[in-house]
Amino acid sequence: MTQHLADALPTSTGTLPGWWREAVIYQVYPRSFADSNGDGMGDLEGIRSRLPYLKELGVDAVWLSPFYASPQADAGYDVADYRAIDPMFGTLHDADAVIREAHALGLRIIVDLVPNHCSDQHEWFKQALREGPGTPLRERFHFRPGRGADGAEPPNDWESIFGGPAWTRVTEPDGTPGEWYLHLFAPEQPDFNWEHPAVQDEFRSILRFWLDLGADGFRIDVAHGLVKAPGLPDLGRGEQLKLLGNQVLPFFDQDGVHEIYRSWRKVLDEYAGDRIGVAEAWTPSADRTALYLRPDELHQAFNFHYLNTGWDAEALRATIDESLDAMRPVGAPTTWVLSNHDVVRHRTRFGSLDRARAAALLMLALPGSAYVYQGEELGLPEVTDLPDEVRQDPSFFKANGQDGLRDGCRVPIPWSGDQAPYGFGTGGSWLPQPAEWAGLSVAAQTGDPDSTLELYRTALRLRRERPELGAGEGVEWLEAPRGVLAFRRGDFVCTANTTAEDVRMPAAPGTRVLLASTVLSAGDTDVLPADTTVWWQV
């Protein structure tokens, strides 16, 4: 279980771009991908058994959402031990097997790291509670005395992302009401104090543990949240969730985070094989996101500005230009993403499968790296009718936080068969799957040239084969009718009609269709159908 596993993969040298500059990275949500032991919960052995499917799909790397030891108060984003695997997912041996087999198939593995907070069952936090106020372990978190009479009010007005105050009061070892601790998410997720040297040392050690095991990089959860403003000042208003991504907040996107990532970059650079860091950073602008990607910091950041842009040509062009322009000065690749485990699937968000397919081809034609969330290659919609009694998203049970409906994008994906759990496993699934998913399974779509799965497979093959696609810093915009995007990259042209009407757009002589998201009219390629993207050879 050593770093030689990653060393065996191709690396970037000289003027060649790093693999991450054009990689298509597939997100696996472990509990919903594949169940090997029939307990209704996906696991690492299930992932290992399905790696050949991902190789055939044509992706370059696999990002695994958390599989660490955890009480699962927030689906594994409450980590009790960063060097252990939760028994529901398997063992450290299983994790090693996933990494080894992925590398044997030419796939890279990115693991999810959760540095902003841990579980309230983490040994540090449990010891901090036992030892009481003023003790060294409490300094590794944000413990503060309360305000008001008898300290009965929270230390400041910060709100949890999941709703309610971002503070919980503890009962001290002597049984009296005591200090409060900060948790920007659930009360079971206390925030680390990143000004403490022990916290910084511990996470550098955790990085090395997984790098030694062969991990090719880290997706960094809440990368924007580690550093809090000095003094933890009041924000001065309620409904703070509405401010996220719109301005720098005293608990998010503080400039002090960048020194942490400079330290981490030094660790990553100690290892051969182009190991990378990917920031999940909600920032007010693409320019602020770019700060995380300066040459001595991280390699990629999720492009939430693109994810949040609707199916509208004018808005998409503005976001694409803004994203590319922001990354160019720091020499970082732009990333593109349509769905993940925290947002409504884009088929539902955009209102139709046609739009989802068109959006996928547009995304995969853009310069940089792209992310695919498990099941989007099947055209899965959001599950919007889950019964309340099966929901597990912690924010569902809170007021004034997120909408609490993230479970709808986390339903286990269908592999085969005409009845649930559709090949996911032999013992049901932890969230119920819709009956109509039988026709969306991997088996049902494989070999059907009109299926969404085969569309993704073909698009990813063409992306690998064509030198114009993948890495790049810009596109050449072409004149196009209102509601249509058209751009050129070398001998490749992409046209995307975001309107609900067919558009006549004469093709240049000698142009041929490479791929279309919907069926084109036979003999009349001058008509670009509604909600359709076409790839052209010119």
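Visitor: How many salt bridges does a search of the whole structure find?
Guide: The search turns up 32 salt bridges. Keep in mind that this is a predicted model.

Visitor: OK, let's start with D96. Which side chain does D96 meet in a salt bridge?
Guide: That would be R100, with N and O 3.0 Å apart. Both sit in helix α3, and because they are 4 residues apart there, about one helical turn separates them.

Visitor: What about E172, which partner does its side chain meet?
Guide: E172 and R138 form a salt bridge, 2.7 Å from N to O. E172 lies in the loop between β7 (167-171) and β8 (177-182), while R138 lies in the loop between α4 (123-131) and β6 (143-144), so the pair ties together parts that are 34 residues apart in sequence. E172 is buried at 7% relative accessibility, and R138 is buried at 3%.

Visitor: Now R219. Where do R219 and its partner E280 lie?
Guide: R219 is in strand β9 and E280 is in the loop between β10 and α7 (286-290), so this pair links parts 61 residues apart in sequence. Their closest N and O atoms are 3.2 Å apart. R219 is buried, with a relative accessible area of 2%, and E280 counts as buried at 6%.

Visitor: Which residues do salt bridges with shared partners join into one network?
Guide: The network is made of E259, R262, R294, D296 and E297.

Visitor: Switching to sheets. What's the strand order in the open sheet of 8 strands?
Guide: It goes β11-β10-β9-β5-β2-β1-β13-β12, with parallel pairing. β11 (300-301) and β12 (335-337) are at the edges with a single partner strand each, so one side of each has no neighbour in the sheet.

Visitor: How many bridges join β9 to β10?
Guide: There are 4 bridges between β9 (residues 217-220) and β10 (residues 276-279), and the two run parallel.

Visitor: Which strands does helix α2 lie across?
Guide: Helix α2 (residues 44-57) lies across β1 (24-28) and β2 (61-64), at about 150 degrees to β1.

Visitor: And the open sheet of 5 strands, what's its order?
Guide: That one reads β14-β15-β16-β20-β18, with antiparallel pairing. β14 (476-477) and β18 (512-516) are the edge strands, each with a single partner, so one side of each is left without a neighbour in the sheet.

Visitor: How many residues of β16 are buried?
Guide: 6 of its 6 residues. F492, C494 and A496 are buried on one side, and V493, T495 and N497 on the other. β16 pairs with β15 (residues 484-489) over 6 bridges, where A486 stands opposite T495. It also pairs with β20 (residues 532-537) over 6 bridges, and there A496 stands opposite T533.

Visitor: Which residue in the hairpin of β15 and β16 takes a positive phi?
Guide: G490, near 65 degrees, in a hairpin with 2 residues between the strands.

How values were computed:
Residues are numbered from 1 along each chain as its sequence is written. This is a predicted model: local features need pLDDT of at least 70, side-chain atom pairs count only at pLDDT 80 or more; totals for chains, interfaces and linings use all residues. Side-chain values use heavy atoms; hydrogens and water are left out. Two strands pair if DSSP finds at least two bridges between them. Contact means heavy atoms within 4.5 Å. Axes are lines fitted to C-alpha atoms, for helices over the stretch in contact, and angles run from 0 to 180 degrees between N-to-C directions. Buried means under 20% relative accessible area, exposed over 50%, partly exposed in between (1.4 Å probe, protein chains only). A salt bridge is a side-chain nitrogen of Lys or Arg within 4 Å of a carboxyl oxygen of Asp or Glu.
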